[in-house]
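Dear colleague,

I am handing over the structure below, and I would be grateful if you could look through it with the notes that follow it.

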Amino acid sequence: MLLPLLLLPSYAFEDALDPAVLDDTAAQAQYPYLHRGFTCSAAERASLPSSTPSQVIHQIWWQGEGAIPPHFEPIRRSWRTHHKEWAFKLWDEKAIATLVNESYTWFAPTFHALPSNIQKADAARYVILHAEGGVYADLDVEAFLPFDAVTDAKETLGALLLFEEPATHWEAHGTVISNGLIASPQAHPLLLRLMSAIRPVAQVFASGGSHMLQERRRRPRRHGGGGDSCGCYVTRSSERFFPLHDGMRRPEEFPSTKAHAKALREFVGDVKHSRYPPEGSYCAQEGALRTCPPHAVYWTVAWIDPDIGRLFLEALAAARRGDDQRAEKLLYATLWSKWGTRYKYRSAGGAEMVKKAKDAYARSVDLSPDYSWGYYELANIALEAGEHGEALSLLQTALQLRPSDLLFQNNAGVAQLGLQQHDLAEASFRKVLELEATSFATIRGVAAKAGANVNLGIALANQGRQQEANAAYRSALDGSSFQYGLQAAQRLKEAGDPFSPQDELSVILGDALFKEGRTREAAIRFASAHQHAETPGIRERVASRMNALAEVWHTAGSTKAEARKAKPNRGSGSQQTGQDEGELPGLTIHQAGPDGKTIAMNLGKLTPELMEQLRKQGMA
């Protein structure tokens, strides 16, 4: 039976929604690297290609044409409709790897070292545009007008064209420039600079995504105007390229579900009557970004909800064919899912918020019974309450809808552990490892392989197969996850088979912290390995790690700094600690190597927790 769309009590807006578009002066005052005018110097302009972007639309689907979900087809068709004379190229894993390996051998080691396929796809767009020029568009970017007037403009001849996200996204997750739409002439020098800035760290946005792109634009020029920066690019306001309807805003921007639902109804009406997109818009994008804090026992964090974007696109199609009821129902399913996430992960927490989250997710799956993510989140709530049978039932429903989902499979194993079904749990975690080898999924804060090995070790140990369990724990010590690496090391110690030597363990854990972007903590681990070095060559390895840290040190905390700069979202319920990393003085550790040379480790600004770690290790 369909539950009625019950809305929480509402209250009037205290003020209007924040503007999605800022004028040139306001935008560039907030982020000076936004170039809405072509400001390339004469010397730089001389080195640019004397051409406009090629008339080619490039898109990427890692698994190839046959694996593209059908709900993307109307979006892809929009590009062909408006660009009848243009060429179209879909790049898959094999084509991208061939291009990198054959034409960019200097970049190949970095490319293949990137931890996830989504990071490789981010990097690939720069490679493709440098090699061939043209327009790169994500598969969820829809075209409303031909791009010829944009790419052929004489005033931007030779420029790399970048496109800004709506201003409300700047505050939400620090994304100012989208990397989902880029236009460039062939062999643009800025693309090479972006490729050279890519690093194989775990954070997707910072590795090669939009945050890295912004960071390279933010950095000052070196050596009197040359060096790292290239000013030969133009950023275009979101007003005509990523127009934001109020119905597409995040729940944190609304005071109530009722206000959000009203905006969704207006969105359906505007789409139905061709009032959205606004006249003169070139394209639009629907993302499905979900970021939540991780939990220690099981995986609760996915960067991408695999279904919420599909629901939006299906609702859009329904609205365009005049099926208001279907469109609203699908959009209400996304509304309740997003509010469930707000209650559970972005509020002060507590039993009341968990209950609201549970009710919200229940409404989302009632409105859309094929919405697998809603069952997954309901299962997470059940797991946290110790209701393992209920959780397993929900996860089995989710797995029927998405059998290859790593998160669903892993948490099913966790529920089976709670039910003492250790042999079934073992099979679930082995399935996760099997899926991880070919998966495109990116799970923020979770190293799927390391986590599955820890969980597999627990399942094996519970069956009395300790030797096999210890082998699984050792497999989890691959330097991809600090959390799981620490757990694995602790379980090995408890089993009487501790990992040794300790300096090697410190390097492994430091590597994991480095990949997670926790550079200051990584430096502490490397310092410990250096101080207690016993393994031959360990100090040389530490030195190489510190050199790598130096290359990305300036990016540490940049996204948090931007978030602090932005004003807080109304009604988000998030807690501000008031603690800034810069409140304590910096610290540099000096250690003498075997050759008499000194290695200096500048740990920057430290939190009290990190200072305590140093004191325990005798380094502060």
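**Helix α13**

In this predicted model, 10 of the 13 residues of α13 are buried, so the helix is largely enclosed by the rest of the structure. The buried residues are Ile308, Gly309, Arg310, Leu311, Phe312, Leu313, Ala315, Leu316, Ala318 and Ala319, and they pack against α3 (73–82), β4 (141–143), α12 (257–272) and α14 (324–345). As to its geometry, α13 covers residues 308–320 and reaches 19 Å from its first C-alpha to its last, which is close to the 18 Å expected at 1.5 Å a residue. After the helix comes glycine 322, whose phi is positive, near 90 degrees.

Leucine 161 belongs to strand β5, which comprises residues 160–164, and because its relative accessible area is 1%, under the 20% cut-off, leucine 161 counts as buried. Leaving aside neighbours within four places in sequence, leucine 161 is in contact with Val150, Thr151, Thr156, Ile182, Ala183 and Val234. The C-alpha atom of leucine 161 is also separated by 9.1 Å from that of cysteine 232, although the two residues are 71 residues apart along the chain.

Serine 481 sits in the loop between α21 (466–476) and α22 (482–494), and with a relative accessibility of 4% this serine counts as buried too. Not counting residues up to four places away in sequence, serine 481 touches Ala447, Ala450, Ala512 and Glu516.

**The second largest pocket**

The second largest pocket has a volume of about 350 Å³. Elements that give two or more residues to its lining are α22, α23 (502–515) and α24 (519–531), and of these α23 gives the most, with five residues. The lining of this pocket is made up of 17 residues, of which Gln502, Leu505, Ser506, Leu509 and Arg525 lie nearest the centre. Sorted by class, the lining has eight nonpolar, five polar and four charged residues.

With kind regards

Notes. Residues are numbered from 1 along each chain as its sequence is written. This is a predicted model: local features need pLDDT of at least 70, side-chain atom pairs count only at pLDDT 80 or more; totals for chains, interfaces and linings use all residues. Side-chain values use heavy atoms; hydrogens and water are left out. Helices (H or I, at least four residues) and strands (E, at least two) are DSSP runs, numbered from the N terminus. The expected span of a helix is 1.5 Å times one less than its number of residues. Buried means under 20% relative accessible area, exposed over 50%, partly exposed in between (1.4 Å probe, protein chains only). Contact means heavy atoms within 4.5 Å. On a 1 Å grid over the protein atoms alone, a cavity is a set of points where a 1.4 Å probe fits but cannot get out, and a pocket is an open set with protein on both sides within 12 Å along at least five of seven lines; lining residues have an atom within 4 Å of a point. Grid points are joined across faces, edges and corners, and a volume is the space filled by probe spheres set on the points. Ala, Val, Leu, Ile, Met, Phe, Trp, Tyr, Cys and Pro count as nonpolar, Asp, Glu, Lys and Arg as charged, and the others, Gly among them, as polar.
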